[in-house]
Amino acid sequence: MSPQNTFQRKILYLVGIVVLLTLLSVLGRPATRGTEQAQDSPGGYLAQLRQKSGLSQAELGQIDPTSETIKLATFGMRGVAANILWEKANRYKMKKDWTNLAAAVRQIIKLQPNFISVWIFQGWTFAYNVSVEFDDVRDRYEWVIKGINFLKEGCQYNQHDPRLRWETGWTLSNKIGNSDERRQFRSFFKADDDFHGDRPLAERDNWLVAKSWFRKAERLVDEYGVKMKGQGPLIYRANAAKCQMSYAEAIEDDGVFGEVARQAWKTAADEWQEYGKIDLPGFGGVVIQLNDLEEREATAEKLSREMDALQEGLRGQIREEKKKTLELTNAQREAWETPPAERDTAQMILADEVEQLLKVSDPEVARRITGPARKQAQELAKRSAANEAVALAIRKARQIVNFEYWRMRAALEQLDDTLAARELVYDGSQAFYDGDLDTAKRTFEDGLAAWRKVLDAYPEMLADPTAGDDLMDVIERYRQILELRDEQLPKNFVLQDVIDRYANRE
Amino acid sequence: MQASNDVVIETRNLTKVYRDFWGRQKVRALKALDLEVRRGEIFGLLGPNGSGKTTTIKLLLGLLFPTSGQSLVFGRDATDVSKNERLGYLPEESYLYRFLNAEETLDFYGRLFKIPRAVRRQRTFELIEMVGLDWARRRQLKEYSKGMVRRIGLAQALINDPELILLDEPTTGLDPIGTREMKDLILKLRDQGKTVLMCSHLLADVQDVCDRIAILYQGELKELGRVDNLLKVRDVTEIRASGLDAQAQQEIKAVIEKHQGKLLSMGNPTSTLEELFLKIIRESEAHPGRRVRGEKES
Amino acid sequence: MVIEYAIVPFLEWLSTSFVYWLMILGGVVAAALIGSWLVVTLRHGPVVAFRCVGRVLSDTVVDLALIAPRRVLAMAWLAVKESIRRRVVVVFAVFLVLLLFAGWFLDPASSEPARLYLSFVLTATSYLVLLLALFLSALSLPADIKNKTLHTVVTKPVRPSEIVLGRILGFTAVGTVLLGIMALMSYVFVVRGLSHTHQVADADLRAVEQIDDGEPAIRQGHSSRVHKHRHEVTVDASGGVRVELEHGHWHDVSAGQSAGETVYQFGPPRGRLVARVPVYARQLRFKDPTGEDAEEGVNVGDEWGYRSFIRGGSLAAAIWTFEDITTDRFPKSSFPDGLPLEMTLEVFRTYKGQTDDPKTIPGILGSLSVGDPKTGKPIEVRLFTAKDFATDVQYIPRQVETPDGRKLDLFKDLAPDGRLEVWIRCIQPMQYFGMARADVYFRARNAQFWVNLAKGYFGIWLQMVLVIGIGAMYSTFLSGPIALLATMGTLLGGFFSRFMGDLGAGAVMGGGPIESLYRLVTQKNLIQDLEPGLKTTVIEMIDHVLEYGLWVTSSLLPEFDRFSFSEHVAKGFDVSGNLAAQCALRSLAFLIPVFVAGYLFLKTREVAR
């Protein structure tokens with residue numbers, strides 16, 4: 001190669017380098033906050049992209065020198081390294097080598113601290129899969145806490161990730177509060193100075209701690225507009241309030257009643273009320289608030305009545321016309337012609353079908369209205385239909401989270417009678433465990449009487465299967481006590497209606 | 001000089017063909033070489049670069065294996081390790097370990113021979129003295145100049161007081177004084193009764209010290225014989241003188257003419273070995289493959 | 001925490017392995033002879049070839065027999081000099097840096113930090129030393145050939161065998177010194193890394209109420225929390241302090257007075273760096289739930305088939321047969337409580353049992369018995385509560401009482417010839433115990449930890465020598481980088497040789513190389529059978545050939561991980577002399593042929609090419 005050629009090549013390289021560097025500097029220009037002199041700048045394309053995907057390091061959370069060093073030391077092979085470690089971790093798990101599993105996982109997260117799924121997956125592995133391998137409850141608890149601490153650590157590395165907070169809350173609430181070993185777990189948790197630090201004893205409840213984590217997740221979504229991956233707001237917005245309910249239930253399980261329990265339920269009721277006020281995306285693309293159902297229904301009703309008032313009797317007229325043209329099957333007709341009180345279940349469904357066919361919607365009515373009122377009628381029909389759609393979406397959403405039950409439950413549990421009933425049943429059970437059958441029987445009977453009063457005050461409670469099963473457990477315990485005394489349930493048992501409804505349900 | 005019939009080196013029909021990885025023939029480096037080197041003589045292998053001199057020496061040392069034919073040193077096959085006990089070799093470019101110093105180098109090579117420790121020490125000391133490196137004996141070879149490395153290379157070749165010394169281009173890299181000293185040393189070794197085989201492309205070296213030479217060209221032996229015989233041109237008289245003025249030169253011219261002689265040239269005479277050498281090369285190129293045989297010496 | 005594979009008694013191992021070795025060696029030698037004869041025949045005809053091979057053979061015998069220590073040492077000295085010049089000391093720097101940064105990843109607060117620390121130092125040293133051995137050995141000779149420094153050497157009366165051997169010895173010497181220093185550094189690192197103390201003050205201790213009023217109170221409390229754990233501390237009336245085991249260690253505590261207050265001084269952690277000497281059972285057999293002999297217990301659905309499970313509340317039992325259980329081995333003076341039996345059983349529950357009451361946490365009951373050689377029936381020694389994922393110690397007393405009241409001597413009556421049977425059953429119905437042979441053993445004594453660590457480094461040393469040998473062998477006929485790659489390939493192959501063996505035997509899911517490739521490309525999973533047809537037949541045929549090659553290669557390669565004692569050291573088991581001897585012989589068995597091969601390659605090559 002001639003010297004001139006070499007020189008040309010060098011110049012070419014130089015130009016290339018300059019061009020590439022310029023390009024990089026333009027694309028990668030960091031975002032700047034506006035000052036008095038200059039405007040806000042969103043930064044170069046790369047910076048914007050990084051911002052959009054939430055990848056900029058300083059945004060993510062704690063920067064750990066160890067982690068950064070390892071990342072550098074792997075020379076961009078950290079994906080491969082993490083993969084190998086993952087494989088290793090799986091093998092350790094298979095061979096039940098927990099020490100090495102924990103060490104391997106630790107290395108993985110040092111390599112990829114911002115890979116959320118790793119935190120979630122391995123936190124779950126520790127808290128759920130590894131813990132159950134141990135025979136001793138204390139060991140199990142150790143691993144549950146290890147899983148929770150692991151998730152908490154993940155939160156430190158990822159300051160703006162709501163999902164990790166949610167998982168932390170979920171493990172705290174569900175693994176500790178809902179597993180078979182919940183009594184031991186909850187008592188260990190209360191005594192766990194290392195976990196709580198200087199948190200006061202009263203707040204050392206897994207449900208309350210979990211609630212605070214769920215709230216943190218919500219706050220991130222609200223303040224930073226980050227998306228919660230894999231969870232709908234209908235569900236995750238309910239978690240915190242549900243935790244409060246579980247907390248109230250749990251302390252009653254532990255024998256705490258009176259003002260403390262009432263206050264716990266009151267807080268739960270308030271929070272549930274707050275939950276009902278949140279704007280949620282509903283079925284059919286409408287924005288709903290769970291509390292609004294009754295109001296929406298009333299509005300729809302009012303609007304259609306207003307429309308009916310524009311041309312009296314039109315709705316009935318249309319209905320009659322429909323009845324004439326309607327082609328029904330014999331079974332449908334038979335069911336519909338049976339008086340409502342005498343219909344059996346199948347007939348009820350059939351009759352309902354017919355009723356639906358005969359229903360005259362507001363737009364149908366509006367279409368038939370003629371004259372100057374026509375425009376107003378159509379306007380009314382539209383508004384009524386919109387309210388109807390929202391009401392439908394709310395009904396669906398309420399069903400999903402069992403909204404009404406919990407609203408009723410939180411209200412009902414605050415009643416003196418309920419509290420008394422629960423306390424009596426608890427005392428009766430204690431007496432039963434102690435072998436004092438007389439006291440047990442007496443206290444239970446008082447408790448059942450108290451329940452009677454609650455049921456009379458809130459008859460809709462009986463309709464809810466959850467509450468029904470709950471009561472059936474109480475009745476079952478009472479029956480046990482009677483059996484041990486060679487007695488049977490009295491003929492005119494106070495809660496006979498509960499037995500009638502739920503005894504054969506399975 | 002006393003002639004001896006004791007043959008130290010003998011090659012019979014020695015042929016070396018370099019092949020590539022696939023066994024295809026690449027270069028025919030040496031073609032059917034027959035040589036004998038006798039005890040006590042200085043034998044020179046002469047030829048241009050790539051003529052097969054170094055190949056011959058490597059074959060004699062067992063560093064290469066012959067394609068066909070045989071090379072015997074002290075009557076043993078060249079691949080036999082035991083011949084090395086009585087042999088010294090100075091490679092073309094003193095391939096020595098650069099991280100050792102002069103003493104360590106000689107001590108290391110000395111250990112490879114069956115020499116008592118005391119003798120080894122003694123010889124190390126003497127040889128360093130002899131090659132004039134006693135002032136640098138503790139310095140690593142990587143700090144040495146090329147000439148110094150060459151000298152220590154010579155010293156290591158003599159560490160076992162060998163009977164036969166093989167020198168590959170002994171004077172390359174040496175300054176004129178060094179070259180002179182090397183030549184003197186070679187003659188001294190011969191005087192000690194040792195056999196020396198050297199190869200060189202520097203004609204002057206060979207001419208000055210060798211008793212017999214073989215001229216190789218393109219792997220073929222072109223000439224073999226005593227240096228004085230090969231170079232003697234009977235009807236040429238060479239006159240060298242100094243301090244003659246133009247008139248004296250005219251007078252000498254006249255004397256030559258008077259004796260029916262013919263003045264060929266006058267001035268600085270060219271080396272006659274060079275002439276011989278160039279002649280051989282010219283002939284070889286004119287008639288490739290023909291073997292130029294020197295007359296059998298007495 | 002057990003070692004998975006079993007160690008065969010030395011003589012038994014030697015007799016089978018030696019024959020195997022001879023067979024392989026014979027095969028290799030025969031293949032080499034025939035191969036070289038064929039190659040020479042192609043060029044020079046069969047007779048010359050025959051003579052050639054014969055001469056090389058006789059030369060080999062001479063060159064190997066007449067190796068002179070003087071020259072070997074000179075060559076070794078040169079190798080050492082060369083290593084120093086090539087700045088092997090850099091390895092120390094790397095090692096130091098590794099140790100400095102290791103503290104970031106090693107968690108001294110984990111439940112078994114000793115294991116993490118030891119695995120780390122052993123792995124780090126072995127990687128570094130092997131890498132060093134690789135570079136030194138594989139690059140040295142090719143460099144000499146390239147610089148032609150070897151010309152000067154081989155023209156001295158040095159045999160090729162001495163050049164190869166000298167190099168192996170020289171590099172080994174360098175490696176040994178390096179390894180020794182690194183071992184010392186690691187020891188200090190581990191001890192320092194694990195070291196910690198706790199504090200406990202009088203105020204932390206509460207008096208525990210005593211039933212008898214007259215008795216002075218015992219005080220209990222917790223130490224401060226260091227490394228994510230705290231110890232329960234009990235101080236009795238006389239001021240004696242007892243520290244409970246936590247995270248696998250305890251501390252010696254001395255109580256002193258300072259300014260009128262009692263100060264408790266915690267010593268360094270103890271019981272972490274141990275070297276247990278186990279006496280493993282010769283055999284583990286099972287009884288099925290009906291009491292019949294069975295090959296193994298049941299599988300409870302674990303992916304890892306190492307442990308077999310026995311059903312509780314049935315006649316199912318696991319029976320370990322120990323040998324050499326004698327009074328000499330377990331003298332009364334050292335074992336006053338009986339013979340310590342360490343168990344690591346796995347518990348598998350089919351139902352959770354009583355979990356309501358937090359105060360009582362019932363474990364699964366098991367029974368420990370010894371076999372009566374006269375009746376072949378077990379005699380129950382005691383009941384125990386199984387501890388999952390922990391090593392439990394039970395003592396087998398010297399006197400065992402039979403159900404009918406006879407007293408039997410453990411050594412005289414139950415193990416008259418040193419054979420003792422230990423039976424374990426699970427008492428609770430529908431719960432299971434899982435076990436493997438190495439899970440139950442007698443702890444004969446504790447060996448010195450540092451000796452054991454030294455043995456661990458001996459294992460690395462063996463690996464290093466092997467790598468040096470192999471590197472030197474390749475470097476005799478390959479150029480530097482190629483020799484390096486070849487050695488590295490052998491090393492990697494050695495680490496995966498067991499997998500290669502499995503692959504060669506067709507025991508790996510997904511078939512041979514071609515089939516796997518096909519599955520990869522077509523995204524077929526491992527379970528799915530290939531549809532029969534010409535394509536499949538061709539794939540399988542090629543795979544068979546490749547698998548055979550893999551099998552041959554895997555049986556020639558050293559199983560490198562078998563030379564590692566790291567697992568033993570890290571898990572706190574003594575590396576037995578038997579194991580060390582087996583590994584030493586195993587590496588010698590590789591070194592000898594490797595050395596001879598290296599010699600032959602160097603001898604038959606033209607140094608000046």
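**Exercise 1.** Determine which residues of helix 2 and helix 4 of chain B meet.

*Solution.* In this predicted model, local features need pLDDT of at least 70, side-chain atom pairs count only at pLDDT 80 or more, and totals for chains, interfaces and linings use all residues. Residues are numbered from 1 along each chain as its sequence is written, and chains are lettered from A and ligands numbered from 1 in the order in which they are written.

Step 1. Helix 2 of chain B contributes Ala102(B), Thr105(B), Leu106(B) and Tyr109(B), which meet Ile152(B), Ala155(B) and Gln156(B) of helix 4 of chain B. Contact requires C-beta atoms, placed from the backbone, within 7 Å. Helices are DSSP runs (H or I, at least four residues), numbered from the N terminus.

Step 2. These residues divide into five nonpolar, two polar and no charged (nonpolar: Ala, Val, Leu, Ile, Met, Phe, Trp, Tyr, Cys and Pro; charged: Asp, Glu, Lys and Arg; polar: the others, Gly among them).

**Exercise 2.** State how many residues of chains A and C are in contact.

*Solution.* Step 1. Chain A places 20 residues in contact with 22 residues of chain C.

Step 1. Helix 6 of chain A supplies the largest share of the chain A side, seven residues.

Methods:
Two residues are in contact if their C-beta atoms, placed from the backbone, lie within 7 Å. Helices (H or I, at least four residues) and strands (E, at least two) are DSSP runs, numbered from the N terminus.
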